[in-house]
Amino acid sequence: MLKLQFTDRFAVRHIGPSENELNKMLQVIGVKKTEELIEKTIPSSILLENDLNLGEALTEFEYLNDIRRLASGNKLFNCFIGMGYYPTITPPVIQRNILENPGWYTQYTPYQAEISQGRLEALLNFQTMVIDLTGLPLANASLLDEGTAAAEAMVMAYNMRKGNRKNADTFLVDSSIYPQTIDVLKTRAFPLNIKLDVSDFSKWELDDNVFGLIVQYPNNSGAVIDYSSVFSRAAEAGIFNVAAADLLSLTLLKPPGEMGADAVVGSTQRFGVPMGFGGPHAAYFSTKEEFKRFIPGRIIGVSVDSNNRPALRMALQTREQHIKREKATSNICTAQVLLAIMAGMYAVYHGAAGLKKIAERIHLLAKLTDLALRRSGIKQNNSVFFDTLEIQLNDNKAQQNVKNIAEKSEVNFRYYDRNKVGISMGESHTVDDVKRIIEIFIEALGLEKNIDFSEFENELDIDLPAPLIRETEYLTHEVFNKYRNETELMRYIKKLERKDLSLTHSMIPLGSCTMKLNAASELMPITWGEFNQLHPFVPADQAKGYAKLFDELEKQLCEITGFAGVSLQPNSGAQGEFSGLMVIKNYFISRGESHRNIVLIPSSAHGTNPASAVMAGNKVVIVECDKYGNVELEDLQAKAELHSDNLNSLMITYPSTHGVFEHKIKEICDIVHRNGGQVYMDGANMNAQVGYTNPYVIGADVCHLNLHKTFTIPHGGGGPGVGPIAVAEHLVPFLPGHSVVDIQKGNNISAVSAAPFGSASILPISYAYIRMMGTEGLKAATAAAIINANYIKTVLEPYFPVLYTGKTGFVGHELIFDIRPFKATANIEVEDVAKRLMDYGYHAPTVSFPVPGTLMVEPTESESKEELDRFCRAMISIKAEIEEIEKGMMDKEDNVLKNAPHTAEEVVSDEWNHKYSREKAAYPADWCRQNKFWPSVGRINNAYGDRNLVCSCLPLEAYQ
């Protein structure tokens with residue numbers, strides 16, 4: 001009964017242009033139908049013979065009912081597992097106004113700082129919070145997870161070796177560090193030939209082979225230890241000290257920076273970010289001022305704008321890492337911005353006093369548990385603790401009894417070797433929870449005790465040893481002492497949001513970034529408790545809903561890519577690159593070919609490709625591209641043959657970063673295979689493949705997928721991202737495993753992320769997209785993306801040269817406009833065009849990548865013809881402004897492009913000294929009058945900010 005089926009279709013909501021609009025655009029392009037354009041764009045030799053087998057699409061209503069049933073398979077027990085993941089309370093004002101707000105989650109990485117001041121300020125708050133709490137003067141704007149942050153600290157120390165430790169190769173790891181962190185350290189150490197010595201820190205010998213060390217504070221069992229003496233001895237020997245610290249505990253405990261740590265790393269999950277079955281969470285990284293050129297990730301710094309007012313932007317190596325390519329010290333290309341903003345806002349909301357009260361309450365709940373256990377005659381090993389107790393039982397039978405009764409009571413503890421039980425307290429726990437814990441132990445151990453908890457009232461005080469008590473102040477800046485009520489915080493959040501351009505304002509046409517719609521129905525389940533309140537290490541029978549979702553999503557991604565296996569663990573695209581290369585590395589080791597270490601990379605590749613190759617222990621050889629943007633086959637052939645004995649792989653993006661489907665892609669892959677290598681396909685541009693071709697068909701062996709591009713996970717202002725890898729059958733045994741949870745991926749490669757399934761809680765977004773689009777919808781989305789890009793090409797090509805096209809004259813899903821000719825004729829550079837677009841209400845396309853002096857445009861399938869036309873009108877209007885300069889009608893220095901962007905304050909000022917009108921500056925198009933987005937600062941002086949690096953909140957007088 002077709003007439004009685006739901007009529008609404010998600011694909012119609014997701015794909016911007018209507019069928020009628022698509023047909024009109026095809027006419028402008030000069031083809032009669034979609035399939036004709038596809039045939040002229042994608043080589044016929046790689047087109048799929050059959051449609052994908054992904055089933056029929058669900059409506060949003062049907063999907064939400066279905067995912068609700070799936071979520072019911074996840075059981076929410078009261079969780080005391082700890083190990084870096086804790087129950088927390090997300091303030092509803094933060095959940096509703098940030099996490100669930102498209103004004104925040106649809107923003108892009110703040111490369112265009114003038115229209116990103118809100119999230120840059122929020123990230124500066126985050127950095128200030130980390131700096132204050134850790135006791136070190138410099139912090140970055142977040143990393144992927146605690147394990148990654150620890151590994152980055154190890155690699156940073158390794159890269160800074162000097163003097164008598166120039167050749168040191170050993171990194172000391174205290175055996176009381178979280179096991180998942182050790183796992184990630186192993187993965188990152190192996191390809192660099194770093195030797196990990198995992199042992200008790202009290203037995204360390206600081207010999208000449210040691211370049212760095214790491215300890216956990218409080219440690220894995222919950223003990224709080226003063227590491228001052230070991231740090232002091234290490235510093236005297238020239239050894240780099242790292243502490244992985246619980247940030248909330250540092251409101252009570254002496255910060256590692258004051259003990260002598262050179263770097264402090266950890267997670268900010270406890271700051272109002274749900275456990276989410278392992279992620280995403282914002283890791284933190286702080287260090288000393290002298291290491292500012294080596295710190296991984298992004299730093300938000302303070303500079304000034306064209307009016308000499310304070311303005312924020314990303315500083316220092318943010319740009320250096322991209323241009324260093326194979327000489328980069330890290331491949332970090334993303335952070336966890338949305339989660340860092342939540343964590344920073346949690347600190348803003350609670351302030352120093354509020355955070356301290358939360359920490360004290362958690363500590364006192366642990367202390368009450370300890371007192372009651374001891375009163376019951378049960379041994380607890382930690383004499384000094386913050387939130388975690390280690391209970392010592394007599395035998396395995398006692399431990400099993402505790403486990404059985406706890407699980408019947410829907411309580412999760414942590415179970416150690418040697419008959420120990422771990423209990424970690426979190427923000428959401430209560431006195432009633434403590435009472436239930438004691439009842440469980442009394443019942444399990446057969447004790448006849450009746451504990452009167454009122455007896456402990458006078459013993460519940462903070463009595464930590466004096467050397468371990470924090471004495472320094474923190475979070476003294478006004479921003480952490482102003483917003484105590486919800487009204488004020490709501491207005492502060494909205495004030496910051498209004499400074500930033502997001503998809504709620506206009507299209508963000510960033511090439512290679514795929515800023516498509518992040519539909520509300522896709523995101524709704526991520527805030528459901530069944531998904532976001534689960535600890536990543538719960539027993540498998542409590543996470544059956546997640547297991548079903550992972551299984552189905554992996555099968556979907558295998559179907560889409562043509563590959564045989566998938567790992568969902570990598571929690572960023574760059575992490576996916578590294579993971580894929582490690583899979584290839586371990587494959588060759590298994591064949592006795594560990595010497596294969598040459599990676600061929602086209603000159604057009606993203607900077608993370610060579611950086612990831614080096615991180616995986618390889619040497620990079622660059623392959624040239626021809627004048628059409630394609631891989632130069634003769635150069636590839638020559639270099640593949642030259643290095644055939646040691647060839648590891650080719651890393652290639654398809655369609656290319658130049659926006660073109662290379663017609664000889666199969667031949668390219670064959671050349672590599674014939675010379676003994678594997679083919680790694682960078683999946684950044686998978687949005688142009690889905691349903692029409694796939695990595696397996698072109699000849700690749702492994703690829704990563706950017707779920708935050710092709711599969712609609714929001715960019716969040718610079719994270720979270722998710723970068724799963726898909727591999728051919730011969731590589732399946734080498735997918736990443738995990739040391740804490742058996743994820744049934746083989747044991748040939750250790751973990752690449754701290755959590756077994758990476759950023760698990762946002763995977764339902766991509767799952768939703770595939771289920772609601774279905775086979776036909778996904779294919780239609782790919783076609784619409786290619787139509788939209790070719791439509792923009794056709795409309796704008798008379799005004800701006802298109803740098804590369806395929807051999808038939810068409811482009812894939814993105815294209816590059818050449819701005820360089822205007823430098824000679826009008827003194828206009830690509831940055832001038834990028835900043836002027838802000839005055840029209842647009843975020844610039846990708847600037848100077850992959851070719852300096854160009855703009856790379858990717859409209860995606862989600863933008864309507866009306867929006868594409870508006871963007872094209874803006875670009876054509878800017879071309880007319882350039883022509884005014886060329887004709888001498890406008891000054892080459894004082895013009896609307898050179899002075900862009902124009903702020904409201906500047907336009908309404910009594911003083912106006914420009915040779916053009918205020919109206920021309922601020923309202924260059926009719927739509928600006930109806931819905932004007934105002935940049936909050938003028939053009940920012942990047943050089944000033946790098947010369948005068950400040951990466952924490954400025955005092956209020958700086959803004960006056």
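Is helix H25 largely enclosed by the rest of the structure or largely open, and how many of its 34 residues are buried? In this predicted model, 29 of those 34 residues are buried, so H25 is largely enclosed by the rest of the structure. Let's begin with that helix and then walk through some other features.

Helix H25 covers residues 763–796. If it were straight, its 34 residues would reach 50 Å at 1.5 Å a residue, but its end C-alpha atoms are only 37 Å apart. Where is the kink in H25 centred? Look for Gly-774: the kink is centred there and is about 100 degrees.

Now find helix H7, residues 117–134. Its 18 residues reach 25 Å from the first C-alpha to the last, close to the 26 Å expected at 1.5 Å a residue. H7 is largely enclosed by the rest of the structure, because 17 of its 18 residues are buried.

A disulfide is a covalent bond between the sulfur atoms of two cysteines. How many disulfides does a search of the whole structure find? The search finds 0.

## Empty spaces inside

Rolling a probe the size of a water molecule over the atoms shows where empty space is left. In this structure there are 12 cavities of 30 Å³ or more. The largest cavity has a volume of about 210 Å³, and 20 residues line it. Nearest its centre lie Leu-99, Pro-280, Leu-339, Ile-526 and Ile-762. Which helix gives the most to this lining? That is H13, residues 337–375, with 3 residues. By type, the lining of the largest cavity has 15 nonpolar residues, 5 polar ones and no charged ones.

The second largest cavity has a volume of about 180 Å³. It is lined by 24 residues, and the closest to its centre are Met-83, Gly-84, Tyr-86, Tyr-178 and Asp-246. This lining divides into 9 nonpolar, 10 polar and 5 charged residues.

## Two cis peptide bonds

A cis peptide bond, with omega about 10 degrees, joins Pro-280 to Gly-279. To find Pro-280 in the structure, go to the loop between strand S7 (263–267) and strand S8 (283–287).

Another cis peptide bond runs from Ala-900 to Pro-901, where omega is near 0 degrees. Pro-901 sits in the loop that lies between helix H28 (865–886) and helix H29 (904–908).

## Two asparagines with positive phi

Asn-193 has a positive phi, near 60 degrees, even though it is a residue other than glycine. Its place is the loop between helix H9 (179–189) and strand S4 (195–199). Asn-827 is not a glycine either, yet its phi is positive, at about 60 degrees. This asparagine is in the loop between helix H26 (821–826) and helix H27 (830–839).

Is Asn-193 buried or exposed? Asn-193 is exposed, with a relative accessible area of 61%. Asn-827, on the other hand, counts as buried because its relative accessibility is 16%, and the cut-off for buried is under 20%.

## A histidine to look up

Finally, look for His-673 in helix H23, which runs over residues 665–674. His-673 counts as partly exposed, at 31% relative accessibility. How many residues apart in sequence are His-673 and Leu-650? They are 23 residues apart in sequence, and their C-alpha atoms are 9.4 Å apart in space.

Note on methods. Residues are numbered from 1 along each chain as its sequence is written. This is a predicted model: local features need pLDDT of at least 70, side-chain atom pairs count only at pLDDT 80 or more; totals for chains, interfaces and linings use all residues. Side-chain values use heavy atoms; hydrogens and water are left out. Helices (H or I, at least four residues) and strands (E, at least two) are DSSP runs, numbered from the N terminus. The expected span of a helix is 1.5 Å times one less than its number of residues. The bend at a residue is the angle between axes fitted to the seven residues ending there and the seven starting there. Buried means under 20% relative accessible area, exposed over 50%, partly exposed in between (1.4 Å probe, protein chains only). A disulfide is a pair of cysteine sulfur atoms within 2.5 Å. On a 1 Å grid over the protein atoms alone, a cavity is a set of points where a 1.4 Å probe fits but cannot get out, and a pocket is an open set with protein on both sides within 12 Å along at least five of seven lines; lining residues have an atom within 4 Å of a point. Grid points are joined across faces, edges and corners, and a volume is the space filled by probe spheres set on the points. Ala, Val, Leu, Ile, Met, Phe, Trp, Tyr, Cys and Pro count as nonpolar, Asp, Glu, Lys and Arg as charged, and the others, Gly among them, as polar.
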